[in-house]
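Subject: Handing over a structure

Hi,

Here is the structure I promised to pass on to you. Please have a look at it first, and then read my notes on what turned up.

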Amino acid sequence: MGSAASVADAKKEEVEPVPCRAPGDDAEFKDDKSIAPDNVEEEETSRQEPTSHAIEISSSDESITEMQDEAVEEIETMFKKTMAEASTETEGPLAFESFLHKNGTLYSCFSQHGSRVYVDETNGLVPFPDEWYSEGRFINATNEQALSQNAAPSGSQPTPAEPAFAEDDRASAVYIQGKGMLMTYMFEEKANVCRYFDAQSGLWLLLPLQWEMNIDFVRIRIQQVMGALPGLADPTEVTAALRQCSYDPDEVISAYLSIFGDALLQPGQGEQGGRELHSFRTHLEKERVIEDLRQRLLLKEQEVERLVQRNSQLSRETQNLSDTLQHLHRTVAELEAGQQEARERVRALLARRPALPPPARPERRPAVDPARLQALATLTRGLNVAGKQLRSAAGRWLQDARRQVAQLEEEALRLARAQEEARREAQELRALYRREALERKALYNRLLELQGNIRVFCRCRASTAAAASPCLEVTSEEEVAVSQKSGKRKFLFDKVYSSSASQEAVFEGTLPVIASCADGYNVCILAYGQTGSGKTYTMMGRRDKPGVNVRSVRELLRICEEREKVTYALKISMLEVYNDSLNDLLAKSATGHLEIRTQGKSVSVPGLTAVEVKTEEDILSVMELGEKNRKIASTKMNIESSRSHLILTLRVDGTDTVSGATSRGTLTLCDLAGSERISKTEAKGARLLEAASINKSLTALGQVFSALKSNALHVPFRNSKLTHLLQPCLSGDAKACVFVNVSPEPKDLPETLSTLQFGSSVRQVALGRAAQHAMPAAPGHGAKAER
């Protein structure tokens, strides 16, 4: 449309607007260009002419139609008409005010010549009550503070200063389907709020979120936030965040970074990026749930410990009461024996009393001294009283003891039930924690698969020196610590296997990656470590305990048999890199010199023997043949030391008999020769040349991983034939796993540290997401299958 400013300028020639400032202006937007008013001639009645207010509407869109120009002009005309009518009714300049009541409610007010009204949502315009002057204060006005502190006079109210209505970037316009062009203004209440002027009601209404996104004021801040955080893809979400942060883009950026970290600094990939961000948020939510479960488990364990302590205290009190009861029983028995003894003494005294004098004698004398009899009677009476008191006290004590024992038994039962309930809840929490941990691990593996990171597993060899303490300690399933003179140094891997881990457990870590080979993905598994650290045992194993190589081919055969509608062909080849030359290990006779041929991203070795395998017996026979032809020699460090790098390649070609689709996957299993220190192996002659060639090729492999880690423009794959053969596996077209084998012997500490550092560096390499090598069926295959 044409510029809305021209419309406003045309109107200024007729009536010059009186300055007025929209409510909500703050210090941040005080760079507005005020509209200066002109003096208006006073009439004889000293009444001022009605004034009008003009808002300059700007738009950055140059493609708006002429119909929108007319809508803007119509809205401006209606707004000026409304203001003119309001000023005519009040016979003076109209001022906008905001009144903050002490109950927290913010009212919009209008005042002119001392008459003030406020907007009520139910009753519309209502006269301003006089008692409200002492119950709140006016804001965004220069002379209302003193007025709000004192009660309003009974007469006319003081006239507030005329606020200035300024043109700034808060005022704008937006075209809405069905409503036309709407004027908008960014109001500041308790926070910045975007409103639009409704011509029908004459009020500023809250602008919907979808409309608000098209305003220049908001759109600039959305672009600022999304430019700083490329991972954000939804402008509606950013608009809602700006509302919550009072349209402060810096605060929105800080809030997103504090919640999601650096993940939003990477640009998203459409729907896939949204799903990854949602997965990341779900991962964070899982983290919070796991932490909450861990805290609940800790509280339950503390409660169980308190209940156990309380149970022990009650048991001690029960034992003390039982001892007291036994003491009372003994006391009663002693008193009863004393009473019986006293009675016997009384009978004896009565029996020794002499016979009565003959009746002839007139005078009778007592046979016993009266004082002695009185004392004996007193003693007997006291014994009876004491016996009754003791019996009564013993009865009360026994009754109290029985009551306390019953209470203790009930308390013990209650504690036992509480302890059982706490134990059951602890078990449930542990089970829930384990389930959450598994889900967290699955999410982490999914994230690694999306990023294409190399999975690194660490396996510790069993110690051969029983007397020496090992220098390695497996602290958890993902951490291993190395003991040094300066302290312990910890390394993190995707999985750490102790020396007691079985071959089955080691193979389970690579099972998900190996299974994807049947779906058309390339997979590579390497074993790295010093000589004698167990690489060959991990990859090849023994006949009774096969390693990763045999189990991988066996698993692929099982998967191929289960898929009845897909026919598979498996071909296996084995070669060794010996002194930087290639040797075919499955050739029936000596072959000539083998060379590597590169065509695009694929690498091949012409003339290499490939044997088709269909059963497990075929696998074992091929493996035995290749192992028998491999170069092995004895050194001071290892009796059977591999003197070459073994590379086993299994090609899986699949054809869907229904759809005709084909897939091709390659499984590369590499048993690297161990790194050697000449000072320890004491190699001489041919062994020395072999050690130099092995160390040279392993150094080249380390250089390749360093270049991949730093995203170098050139990766030196052709520095050795080993890295040249592994180029397709390490160029982002395959899923890669690396086993780092270490020795726990203290004498091997330098090589162990070097191997663990190599594994930690490889774990940080991201190859990118592997591609699936699958081709759809030919155009005529479906029709042929139907016939």
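The protein chain has an average pLDDT of 76, and 72% of the residues score at least 70; pLDDT is the predictor's confidence in each residue, from 0 to 100. This is a predicted model, in which local features need pLDDT of at least 70 and side-chain atom pairs count only at pLDDT 80 or more, while totals for chains, interfaces and linings use all residues. Residues are numbered from 1 along each chain as its sequence is written, and side-chain values use heavy atoms, with hydrogens and water left out.

Two stretches need some care. Over residues 1–64 the pLDDT stays under 50, and the model has 128 contacts beyond four places in sequence for them (a contact means heavy atoms within 4.5 Å). Residues 782–787 also stay under 50, with 1 contact beyond four places in sequence.

Now to the aromatic rings. The structure holds 15 aromatic pairs. Rings of Phe, Tyr and Trp (its six-membered ring) pair if their centres lie within 6.5 Å; planes under 30 degrees apart count as stacked, over 60 as edge-to-face and the rest as tilted. One of the pairs is Tyr118 with Trp132: the ring centres are 5.0 Å apart and the planes lie at 40 degrees, so this pair is tilted. It links distant parts of the chain, as Tyr118 is in strand 3 (residues 115–120) and Trp132 is 14 residues away, in the loop between strand 4 (124–127) and strand 5 (136–139). Helices (H or I, at least four residues) and strands (E, at least two) are DSSP runs, numbered from the N terminus.

Tyr118 is buried at 9% relative accessible area, and Trp132 is buried at 14%. Here buried means under 20% relative accessible area, exposed over 50%, and partly exposed in between (1.4 Å probe, protein chains only).

Another tilted pair is Phe457 with Tyr497, with ring centres 6.4 Å apart and planes at 45 degrees. This pair too links distant parts of the chain, 40 residues apart: Phe457 is in strand 10 (residues 455–460) and Tyr497 in strand 14 (residues 495–497). Phe457 is buried at 5% relative accessibility, and Tyr497 is buried at 5% as well.

Which charged ends sit over rings? Lys735 has its charged end over the ring of Tyr521, 4.4 Å from the centre, and Arg221 lies over the face of Phe217, 3.8 Å from the ring centre. The criterion is NZ of Lys or CZ of Arg within 6 Å of the ring centre and within 35 degrees of the ring normal.

For the strands, have a look at strand 11 (residues 472–476) and strand 12 (residues 479–484), which pair in the antiparallel sense over 4 bridges; two strands pair if DSSP finds at least two bridges between them. A hairpin through 2 residues joins them, and Ser476 has Glu479 in strand 12 as its bridge partner.

Lastly, helix 18 (residues 749–763). Its 15 residues should span 21 Å at 1.5 Å a residue, and its end C-alpha atoms are 21 Å apart, which agrees; the expected span is 1.5 Å times one less than the number of residues. Of the 15 residues, 11 are buried, so helix 18 is largely enclosed by the rest of the structure. Among the buried ones are Leu749, Leu753, Phe758 and Val762.

Best wishes
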